[in-house]
Amino acid sequence: MTTSMYGAYGGRYVPETLIPALDELERGWAEALADPSFREELDQLGERYVGRPTPLYEAERFAPDGRRIVLKREDLNHTGAHKINNALGQILLASRLGKRRIVAETGAGQHGVATATVCARFGLECVVYMGAEDMRRQHPNVERMRLLGAEVRAVEFGTRTLKEATSEAIRDWIASVETTYYLIGSCVGPAPYPAIVRELQAVIGREARRQMLGTYDRLPDVVVACVGGGSNAIGLFAGFLDDDVRLVGVEAAGAASLGSGRGAVLHGARSSVLVDDDGQILDAHSISAGLDYPGVGPEHAALRDSGRATYVTATDEEALAAFHRLAETEGILPALEPAHALARALDIDAELVLVGLSGRGDKDLAEVLEH
């Protein structure tokens, strides 16, 4: 069966009404993994619809003297980010389960766009919950979702960002669980979601490992990825967990769940969460809507505790500087999320560094220009 615990983290902390749906999801996922036709269809869609495999690109002018920084170009996927890997796999699973209505949450809008895209491709109803502040910051993605036929519902309470959007998506799912599939966007939430998302994003790390050996005849010294909920990072790390390779996750300084958080329950699972002394969830902040979340996937919390991965932070200003540097030296506009990873990659003392470029920056132009 699917992994439900990662050390002290993970599990299911949900209303009883959701347990049958999670059991159904777990059974459906196990059956899908055991069915060669599921993987075959997913791989074909990855190649013909998404554009996999995504290439490696060595950013020679971006890298400091004497160092090599290689980018895993998930920004070149259809829809412009890694999110489509997960959305495609889960939409196939939802179809197997007979669900015709899909709900999702989104922060930066990339998961919302990916979900709207696959719902259009498979003819399913799509409702995306998005915080009103994120809708302001990521307006082009809101319009993309609507053009793809999705209903985008604004969330107007709290910080009006990803945390509240996730809460509203879960409320919708609880109220309509018989007909609705909750297509979660990151490696968070109650089991089996973290394991499902990890497996669907592990294509990034498996490809990157093969490509590094094929191009450089060696593995990187360090693998670096940004971490909000953590799906692109866990997908990239998955390819290198058993190797002698350093793994570095980069959080937003104002949303450092792994750096400043402690064990708590958020959105159905136990993980490392930003909480106050009374256990109340704190507000997170990042210029990047996709990192603006007070929790993180439970596997990341376990990797931190075991020492297998190290988690550091980058400030808004450092991410913006890395964004501009990559644009001006390589002609690539990164999303603000991986710009945090790029910022830390510049000062990592290693000869060969692999960075997950999880998305492109078209969505962030207004925010970048404003600053």
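**Cavity, helix contact and backbone**

Visitor: How much space lies in the largest cavity?

Guide: The largest cavity holds about 370 Å³ of space. A cavity here is a set of points on a 1 Å grid over the protein atoms alone, where a 1.4 Å probe fits but cannot get out; points join across faces, edges and corners, and the volume is the space filled by probe spheres set on them.

Visitor: Is this model predicted or what?

Guide: This is a predicted model, where local features need pLDDT of at least 70 and side-chain atom pairs count only at pLDDT 80 or more, while totals for chains, interfaces and linings use all residues. Residues are numbered from 1 along each chain as its sequence is written, and side-chain values use heavy atoms, with hydrogens and water left out.

Visitor: How many cavities of 30 Å³ or more?

Guide: The count is 4.

Visitor: Back to the largest cavity: which residues are closest to its centre?

Guide: H82, K83, L162, S186 and G290, out of 30 lining residues; lining means an atom within 4 Å of a point.

Visitor: Which elements supply at least two residues of that lining?

Guide: Strand β5 (101–106) and helices α4, α7 (162–175) and α9 (231–237) each do. Helices (H or I, at least four residues) and strands (E, at least two) are DSSP runs, numbered from the N terminus.

Visitor: And by class?

Guide: The lining of the largest cavity has 17 polar, 9 nonpolar and 4 charged residues. Gly counts as polar.

Visitor: Where does the largest cavity lie relative to the domains?

Guide: Between domain 1 (5–44 + 83–193) and domain 2 (51–81 + 202–370), because both give residues to its lining. The bounds come from an automatic or database domain assignment.

Visitor: New topic. At what angle do α2 and α4 pack?

Guide: About 110°, with the axes of α2 and α4 (residues 110–122) 14 Å apart. The two helices are therefore roughly perpendicular, a label for angles of 65 to 115 degrees.

Visitor: Which residues make the contact?

Guide: E41, L45 and Y49 of α2 meet T117, R121 and F122 of α4, contact being heavy atoms within 4.5 Å. Those residues divide into 3 nonpolar, 2 charged and 1 polar.

Visitor: Which peptide bonds are cis?

Guide: One joins R52 and P53, with omega about 0°. Another runs from A191 to P192, with omega near 15°.

Visitor: Where do those prolines lie?

Guide: P53 is in the loop between α2 and β3 (56–58). P192 is in the loop between β8 (180–182) and α8.

Visitor: What about phi of R160?

Guide: R160 has a positive phi, near 60°, and is not a glycine. R160 sits in the loop between β7 (151–155) and α7. Most residues other than glycine have a negative phi.

Technical notes. Axes are lines fitted to C-alpha atoms, for helices over the stretch in contact, and angles run from 0 to 180 degrees between N-to-C directions. Angles under 35 degrees count as roughly parallel, over 145 as roughly antiparallel, 65 to 115 as roughly perpendicular and the rest as oblique. On a 1 Å grid over the protein atoms alone, a cavity is a set of points where a 1.4 Å probe fits but cannot get out, and a pocket is an open set with protein on both sides within 12 Å along at least five of seven lines; lining residues have an atom within 4 Å of a point.
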